[in-house]
Amino acid sequence: MGDLPLLRAAAREAGLIAMRYFGNSPQVWMKGGTSPVSEADHAADAYLRDTLLAARPDYGWLSEETVDDPARLSARRTFVVDPIDGTRGFLEGQRTWCVSVAVVEQGRTLAGVLECPAMDETYWAQPGQGAFRNGKRIAVRTLGDKAEISGLKQLIDLVPANWQKRLTRAPYSPSLAYRLAMIANGTLDATFVKPNAHDWDIAAADLILREAGGLLLDPHGRAPLYAGEVTRHGALAAGSGELLAVLLDVIAGLHA
């Protein structure tokens, strides 16, 4: 079985595991005093870790819910996993959370899957083969007179006035991966990504967005690299065309 079918099958089962807890008041702990994690996250993570590493014992493992082992840095390929991206929304009963799984080699994602069971959606992509939702190819939408944007209000407020009148602010989704998928499937035009996103938040969605015709970039116009020693990122912007260029100018200005 290739990596993509393996990821799709494992993500589907992990999504079913998470759904058993969705809306059923799972036990919750706080990480670092500010970030919630639930027994649903732990159950999905344990399943993914056991299943994926049993199939690929020579791959590294990087997950939000597993203590990081530097031994992964010597692996040629690494699984990059968020068992529930958007835990806060998951616990509040919002449906836009997903299981995010990716395989990374030399910093680049080779296969990415987002399983969003409460939305009945599955996204996947491989380099050069397009991006798909529920088996149908998806693409970013062409920018019109109006554009829908998501992200921190403080960053959106920094967009130049001539663009402000063209922007509609979309409801905020706690799942960053799902917001990127929305751009990929043409239901959102762009989003800011606040500093400190981690590899597991974006490694799968980045490839899906890129294969759909969009980009996720840093202030220098570079695509993020994944599964290295540093697993968190500074401010990023996602979208396509001239609007993405405007967003990149905004985040570049944060460091000027």
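**Salt bridges, then the sheet**

I began with Asp-3: it counts as buried, because its relative accessibility is 12% and the cut-off for buried is under 20%. A reminder to myself before going on: this is a predicted model.

Which side chain does Asp-3 meet in a salt bridge? I found Arg-77, at 3.0 Å from N to O. The pair links distant parts of the chain, since Asp-3 sits in helix α1 (residues 3-21) and Arg-77 in strand β4 (residues 77-85), 74 residues apart.

For the whole structure I noted 16 salt bridges.

Next I looked up Arg-72. Its salt bridge partner is Asp-68, with the closest N and O atoms 2.7 Å apart. Are the two partners buried or exposed? Arg-72 is buried, at 5% relative accessibility, while Asp-68 is partly exposed at 39%.

Another pair went into the notebook: Asp-218 and Arg-222 meet through their side chains in a salt bridge, 3.1 Å from N to O.

**Strand β4 and its sheet**

Arg-77 had brought me to β4, and I wanted to see where that strand lies. In what order do the strands of the sheet run? I read β3-β4-β5-β6-β7-β8-β9, seven strands in an open sheet with mixed pairing. At the edges are β3 (60-63) and β9 (136-138), each of which pairs on one side only. On average, neighbouring strands in this sheet are turned by 20° against each other, direction ignored.

I checked one pairing more carefully. Strands β3 and β4 run parallel and share four bridges. In β4, Thr-78 is the bridge partner of Gly-60.

Which helices pack on the sheet? I noted α2 (residues 39-55), which touches β3, β4 and β5 (98-105), its direction making about 155° with that of β4. I also noted α7 (residues 199-211), which touches β3, β4, β5, β6 (108-116), β7 (121-125), β8 (131-133) and β9. The direction of α7 makes about 100° with that of β6.

Methods. Residues numbered from 1 in each chain as written. Predicted model: local features only at pLDDT ≥ 70, side-chain atom pairs only at ≥ 80, totals over all residues. Heavy atoms only, no water. Salt bridge = Lys/Arg side-chain N within 4 Å of Asp/Glu carboxyl O. Helix = DSSP H or I, 4+ residues; strand = E, 2+ residues; numbered from the N terminus. Buried < 20%, exposed > 50% of the residue type's maximum accessible area, 1.4 Å probe, protein only. Pairing = 2+ DSSP bridges. Axes fitted to C-alpha atoms, helices over the stretch in contact; angles between N-to-C directions. Contact = heavy atoms within 4.5 Å.
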